[in-house]
Amino acid sequence: MAIASPPLLSLKSHISSASSLHRSPHRGRPFSRRKSWLLVRARNKKTNSLSVIEAKTSTDDVSEEDIVIVGAGIAGLATAVSLQRLGVRSLVLEQAESLRTGGTSLTLFKNGWRVLDAIGVGSDLRSQFLEIQGMVVKSDDGRELRSFTFKDEDESQEVRAVERKILLETLAIKLPSAAVQFSSGLARMERRENGKMLLELVDGTRLLAKIVIGCDGIRSPVAKWMGFSEPRYVGHCAFRGLGFYANGQPFEPRVNYVYGRGLRAGYVPVSPTKVYWFICFNSPSPGPKTIDPSVLKKQAKELVKNWPSELLNLIDLTPDETISKTPLVDRWLWPAISPPPSTGTTVLVGDAWHPMTPNLGQGACCALEDAVVLARKLANAINSGPTSVEDAMKSYGIERWPRVFPLTVRANLVGSLLQWENPVVCSVRNNVVIPKLVRLGPILEHTNFECEPSLKRQTSEVPKQQ
């Protein structure tokens, strides 16, 4: 379905900061550089850089935390909010100076909205984004091949394109002000004899954690430490952007797809003034990284220069800060070959575990599902000792693998089919498969996901490890 933008977090960060000491709500001991996302955002308006402090490395300066979540993207913040609603505190480490609020938008289907409702943020988001009524598929010459209405296929379906920036801010504001620590890139991990994890940050700060939850994206340092392979490039790259119409965007609330040969595009209204778009094209390699917005716009427009004019106009109306080009990657979690998502009391969530191509619009939805499933299992086990915590993590992997592995494979195959270049095959796709054979209902069956509300409980602490 719609192309979504997964967060990219790298191991190394050259960002550090200085602030007054903040007392940890978890241990009652001072811990440097703990800043709320609101304070950081306000500070960044005044300065573009923050000074560096030298971290001491003596044993006395190792801060202890119950649960450390690595990464303040969708997976990390949703996990922290889910745990908090179940009475379990956590500390979120983010390598950037503030929330990564750049980028475009992502499509959330009903499974994603059920999770957002369960953790108490769904209603805060719905009022800000248009509900998408259906989708239309066209050929590159503008000919309509097929159209669908979501409610006709599934009355319970709910589809909205959501700005990543607003989703992250909505999740973050549900957490205590000191729950997210910025400028905290992870440099090294080490398991101690007592089972605790020693985390060393890029500035030398060290933490001991009873539980580590890796939510640090497709280039996850935590996943690398656990023995996972690098995500695999699938042969396609994508331009993405968020067009802005100051006087109101002109499109109906539906997803628009345009299919060519080895090239496809799509656009969907996000709000009354914003429209998300993407262009996906075949490429034997990811090519050089380009961040110059003018170059990216020129390259994107060159690909679709003979396509319907509304797509070209949409690219022209895209603010520079929202346009990007990224290679599409995934990781297939082969049974008995891939590592499990947990080892000891360290576990992976979202793209850190199962990066998938965005062809089904399920990357963010699956990360949200992961968050609530793991949070419930941890909350139920957390008072029963480390063995129960490890068992809860294993149970999480057993439950989630049959869900995420097939979706990863299916998303890959859908993308490969849509990127056909052979003119005969494309003609059959456009004149037979899409108009006569495709049924939307079965295609969207993967959006079924049951999720009960996360009820608030009295705050719990992870049992002490000997």
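Predicted model: local features only at pLDDT ≥ 70, side-chain atom pairs only at ≥ 80, totals over all residues.
At 1% relative accessibility, Ser-183 counts as buried. This residue sits in the loop between strand E9 (180–181) and strand E10 (186–191). Most residues other than glycine have a negative phi.

Ala-336 belongs to the loop between strand E17 (324–330) and strand E18 (342–343). Phi of Ala-336 is near 70°, again a positive value in a residue other than glycine. Is Ala-336 buried or exposed? At 87% relative accessibility, Ala-336 counts as exposed, because the cut-off for exposed is over 50%.

The chain has 466 residues, and 58% of them are buried. Its secondary structure comes to 13 helices and 19 strands. Of the contacts with a separation of 6 or more, 78% are between residues 24 or more positions apart. The accessible surface is about 19300 Å², and carbon and sulfur atoms account for 52% of that area.

Among the buried residues of H3 are Lys-110, Trp-113 and Leu-116. Just after H3, Gly-120 takes a positive phi of about 85°.

Asp-117 is partly exposed, with a relative accessible area of 37%. Its partner in a salt bridge is Arg-126, with the closest N and O atoms 2.7 Å apart. Arg-126 is partly exposed as well, at a relative accessible area of 23%.

Which residues are linked with Asp-117 and Arg-126 in a network of salt bridges? The network also takes in Glu-131, Lys-151, Glu-158 and Arg-160. Within it, Glu-131 forms a salt bridge with Arg-160, and the closest N and O atoms are 3.6 Å apart. Glu-131 lies in the loop between helix H4 (122–126) and strand E6 (134–139), and Arg-160 lies in strand E8 (residues 160–163), so the pair ties together parts that are 29 residues apart in sequence. Glu-131 is partly exposed, with a relative accessible area of 25%. Arg-160, at 9% relative accessibility, counts as buried, because buried means under 20% relative accessible area.

Trp-113 is one of the buried residues of H3.

A search of the whole structure finds 27 salt bridges. One of them joins the side chains of Asp-370 and Arg-400, at 2.6 Å from N to O. Asp-370 lies in helix H10 (residues 363–381) and Arg-400 in helix H11 (residues 386–418), so this pair ties together parts that are 30 residues apart in sequence. Both Asp-370 and Arg-400 are buried.

A pair of aromatic rings is described by the distance of the centres and the angle of the planes. The count for the structure comes to nine aromatic pairs. One of them is formed by Trp-353 and Tyr-396, a tilted pair with 5.7 Å centre to centre and 45° between the planes. Trp-353 lies in the loop between strand E19 (346–348) and H10, while Tyr-396 lies in helix H11, so the pair ties together parts that are 43 residues apart in sequence. Trp-353 and Tyr-396 are both buried.

Trp-401 and Phe-405 form a stacked pair: 5.2 Å centre to centre, 20° between the planes. Both of these residues lie in helix H11, four residues apart, about one turn of the helix. How do their surroundings compare? Trp-401 is partly exposed, with a relative accessible area of 28%, whereas Phe-405 is buried, with a relative accessible area of 10%. Ring pairs link Trp-401 and Phe-405 with Trp-332 and Trp-334 into a cluster.

Methods
Residues numbered from 1 in each chain as written. Heavy atoms only, no water. Salt bridge = Lys/Arg side-chain N within 4 Å of Asp/Glu carboxyl O. Buried < 20%, exposed > 50% of the residue type's maximum accessible area, 1.4 Å probe, protein only. Helix = DSSP H or I, 4+ residues; strand = E, 2+ residues; numbered from the N terminus. Contact = heavy atoms within 4.5 Å. Areas by Shrake-Rupley, 256 points an atom, 1.4 Å probe, with all protein chains shown as cover. Phe/Tyr/Trp six-rings, centres within 6.5 Å; stacked < 30°, edge-to-face > 60°.
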